[in-house]
Amino acid sequence: MLRFLLLTSLAALVLAEPQPRYLEDESGEERVVGGEVARPNSWPWQISLQYKSGSYFYHTCGGTLIRRGWVMTAAHCVDSSRTWRVVLGDHDINKNEGREQYMSVSRVYIHPNWNSNNVAGGYDIALLRLSSDAVLNNYVQLANLPPSGQVLSHNHPCYITGWGRTQTGGSLSAQLKQAYLPVVDYKTCTSYGWWGSTVKNTMVCAGGESDSGCQGDSGGPLNCSVNGQWVVHGVTSFVSSLGCNTYKKPTVFTRSSAYISWMNSIMG
């Protein structure tokens, strides 16, 4: 049975627009709506964030390897006390394909302004300090982050990647998926009929038609093509409570360029 993690506290939000819904998941194998299965290890900075339950680990969110010992993810993914691990170099999260690196998380740094009772407030970003440094190879690489403050223009080409659900209430898959989600600029995304005041200028909107993020994609990257290289401009944050791929309710990401100085202050 499909389980949605709509936090009860969201009901208290007074929003003119449909309420946001987080994109973490606790049921295992999930992927993005629309798009296609990615070529294995073609997004080598993508990680699977997993939590321990009993003697097993389960995928709940994505994330991005930004330094050999550091992962960027969403605050709402890690604001509960659990035993976490990060899997690098993964493609099929139900199989051990021999390329994976399994790392425990030694410390979680959640942005100090994050408020789990206000999804639309922003600051949905966290850093994970890994217990040891990743070994970089053909399957595991560091992501490029944008310059501080950089904002991409309307329709800029980007891809979401993750193991999130294939559709609202739909089937599941264990393989990493990718979907083309062009940027929706702030003026459009905050206009009437779109997200309105729910979206802040520290966020990035992308998509808004048939393809989107869904439960299980939270924390993962928005990969944008900039000057011939992939740059991670967003951390997957929320979609509409009406459904993952609701028209004019594009997937909303924490804008990574708004938090470069904070991340550098943590990582040194």
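**A barrel and its neighbours**

In this predicted model, 6 strands close into a barrel with antiparallel pairing, in the order β3-β4-β5-β8-β7-β6.

Trainee: Good place to start! By how many degrees does the twist average from one strand to the next?

Mentor: Follow the barrel order β3-β4-β5-β8-β7-β6 around. From one strand to the next, the twist averages 45 degrees.

Trainee: Which residue takes a positive phi in the hairpin of β3 and β4?

Mentor: Start with the pairing: β3 (residues 46-53) and β4 run antiparallel, joined by 8 bridges. Within it, Ile47 stands opposite Gly63 in β4. The hairpin has 2 residues between the strands, and the residue with a positive phi, near 70 degrees, is Gly54.

Trainee: What angle does the direction of helix α2 make with that of β8?

Mentor: First place β8 (residues 126-130), which pairs with β7 (residues 101-110) in the antiparallel sense over 5 bridges. Arg107 stands opposite Arg129 of β8. Helix α2 (residues 260-267) packs on the sheet, touching β4, β5, β7 and β8, and its direction makes with that of β8 an angle of about 25 degrees.

Trainee: Now to β10: which of its residues is the bridge partner of Thr161?

Mentor: Strand β9 (residues 158-162) pairs with β10 in the antiparallel sense over 4 bridges. Strand β2 (residues 36-37) also pairs antiparallel with β10 (residues 177-180), over 2 bridges. Glu36 stands opposite Gln178, and the bridge partner of Thr161 is likewise Gln178.

Definitions and conventions
Residues are numbered from 1 along each chain as its sequence is written. This is a predicted model: local features need pLDDT of at least 70, side-chain atom pairs count only at pLDDT 80 or more; totals for chains, interfaces and linings use all residues. Side-chain values use heavy atoms; hydrogens and water are left out. Two strands pair if DSSP finds at least two bridges between them. Axes are lines fitted to C-alpha atoms, for helices over the stretch in contact, and angles run from 0 to 180 degrees between N-to-C directions. Contact means heavy atoms within 4.5 Å.
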